[in-house]
Amino acid sequence: MTTYAQPLVTDDHRSSVPGGADRWKLGAGPTLLPHRQLDRSGAPKVSLEEISLSYKTSSGERLLALDQIDLKVSPGEFLCIVGPSGCGKSTLLHLIAGLHHPTSGKVLVDDKVVDSPGTDRILIFQELGLFPWLKVGENVEFGMKMKGLSRAERREKTEYYLRLVHLSQFKGSYTHQLSGGMRQRVALARALATEPDVLLMDEPFAALDAQTRDLLHDELERIWAETGRTIIFVTHNVREAVRLGDRVVLLTFRPGRVKREFQIELPRPRHLEDVTVAQTAGEILGELREEINRSLEVEYHDGVKPHVVPGVEA
Ligand SMILES: Nc1ncnc2c1ncn2[C@@H]1O[C@H](COP(=O)(O)OP(=O)(O)O)[C@@H](O)[C@H]1O
Ligand SMILES: [Mg+2]
């Protein structure tokens, strides 16, 4: 595995964030995001053991989407997964969410086999699934209602998580009255309010403009540091992955296999424009390009191979 590091800042605030069901009551956490070492010696939060998955295509053949994926994610780790379109990134998240079953291999969360969705994991994607007929606060409460939380507890947590995403004043608004970035933050608050240990994020910011995305990167990084959640974040944008991740896993194009892992030890908070972020992203992009070219060859299987790889942000 390749490691990208800068001189370490020694403090470790995140390790002082206690676990347990009441951790949300602790209020504001550290405002600084110091570099910290993840404890990889203990049990992993999520383990993928020799996962393969094939889909049945409309012509009746089997398409091998994921092949022999072995991956361990530590508690509190921010893992980013990158790869060309169609390499199986969403499929991988759906497996961890328990929405799909692997053809072979096992998904484990806290050493228990995943065979169905559970409240310890939540999937956030670009189409937010907010309910337009509910107000912001009611949207945030919704998942907690499903979990059977009391009205008082729901109210208290709604206040807390709306504050965490800086949307307290919009509790009584409808989602159509908010900007795209604000709606994304409502979805994040709703997901966090159910207090999952693992957040699964599938290209959540892909449709946002650059400024809004920058803000959401900052917010997500801060919330991650404050809440100590494990995040598995899928993106096709390598720079975004380096900006956010402790580790970036690159998947190959069809079937999806782990091509390479990159340990990102650049200090936090990071910014998309940081030279170190750009340099690291450039190296990863070199390898991603090979996979994108392969995917284009498959898509343009009439033999005309395009020279330029379009639409990839470093
Ligand atoms: N329900 C499905 N049935 C058949 N093939 C599918 C299904 N879902 C995804 N695929 C195929 O599996 C591959 C991986 O898809 P996906 O996980 O969505 O990739 P990504 O998220 O990386 O773009 C693609 O080739 C896609 O066409
Ligand atoms: Mg996808």
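In helix 4 the buried residues are Gln184, Arg185, Val186, Ala187, Leu188, Ala189, Arg190, Ala191, Leu192 and Ala193, and I would like to begin with that helix, keeping in mind throughout that what we have here is a predicted model. Helix 4 covers residues 180-193, and because ten of its 14 residues are buried, the helix is largely enclosed by the rest of the structure. From its first C-alpha to its last, helix 4 reaches 20 Å, which is close to the 20 Å expected at 1.5 Å a residue, and the helix is followed by Glu195, whose phi is positive, near 55 degrees.

Let me take one residue from helix 4, namely Val186. Is Val186 buried or exposed? There are 25 other C-beta atoms within 10 Å of Val186, and the cut-off for burial is 20 or more, so Val186 counts as buried. Setting aside neighbours within four places in sequence, Val186 is in contact with Leu130, Val136, Asn139, Val140, Leu167, Thr175 and Leu178. Gly137, for its part, lies 49 residues from Val186 in sequence, yet the two are 8.6 Å apart in space, C-alpha to C-alpha.

Helix 5 has 18 residues and reaches 25 Å between its first and last C-alpha, close to the 26 Å expected at 1.5 Å a residue. Its buried residues are Arg213, Leu220, Arg222, Ile223, Trp224, Ala225, Glu226 and Thr227, and among the elements covering them are strand 4 (78-82), helix 3, helix 4, strand 9 (230-235) and helix 6 (238-244). Just after helix 5 comes Gly228, with a positive phi of about 70 degrees.

Stepping back to the chain, we find seven helices and eleven strands, and of the 314 residues 38% count as buried. Among contacts between residues at least 6 apart in sequence, 72% join residues at least 24 apart. The largest nonpolar core has 70 residues, and those with the most contacts inside it are Ile96, Ala189, Leu200, Ile232 and Val248. Helix 4 gives the most to this core, with seven residues. As for Ile96, and not counting residues up to four places away in sequence, it touches Val46, Val107, Val114, Arg121, Leu200 and Ile232.

Now to the ligand. Which residues are closest to ligand 1? Of the 13 residues that surround ligand 1, the closest are Tyr55, Ala65, Lys89, Ser90 and Thr91. Strand 3 (62-73) and helix 1 (89-97) each supply at least two residues of this shell, with helix 1 giving the most, three residues. By class, the shell holds four nonpolar, seven polar and two charged residues.

Finally, a word on confidence. The mean pLDDT of the chain is 84, and 84% of the residues reach 70 or more. Over residues 7-32, however, the pLDDT is below 50, and this stretch has 26 contacts in the model beyond near neighbours in sequence. Residues 304-314 also stay under 50 in pLDDT, and for them the model has 17 contacts beyond four places in sequence.

Note on methods. Residues numbered from 1 in each chain as written. Chains lettered and ligands numbered in written order. Predicted model: local features only at pLDDT ≥ 70, side-chain atom pairs only at ≥ 80, totals over all residues. Helix = DSSP H or I, 4+ residues; strand = E, 2+ residues; numbered from the N terminus. Expected span 1.5 Å × (residues − 1). Buried ≥ 20, exposed ≤ 12 C-beta atoms within 10 Å, placed from the backbone. Near = placed C-beta within 6 Å. Nonpolar A, V, L, I, M, F, W, Y, C, P; charged D, E, K, R; others polar. Contact = placed C-beta atoms within 7 Å. Core = buried A, V, L, I, M, F, W, Y, C linked by C-beta atoms within 7 Å. pLDDT = per-residue confidence, 0-100.
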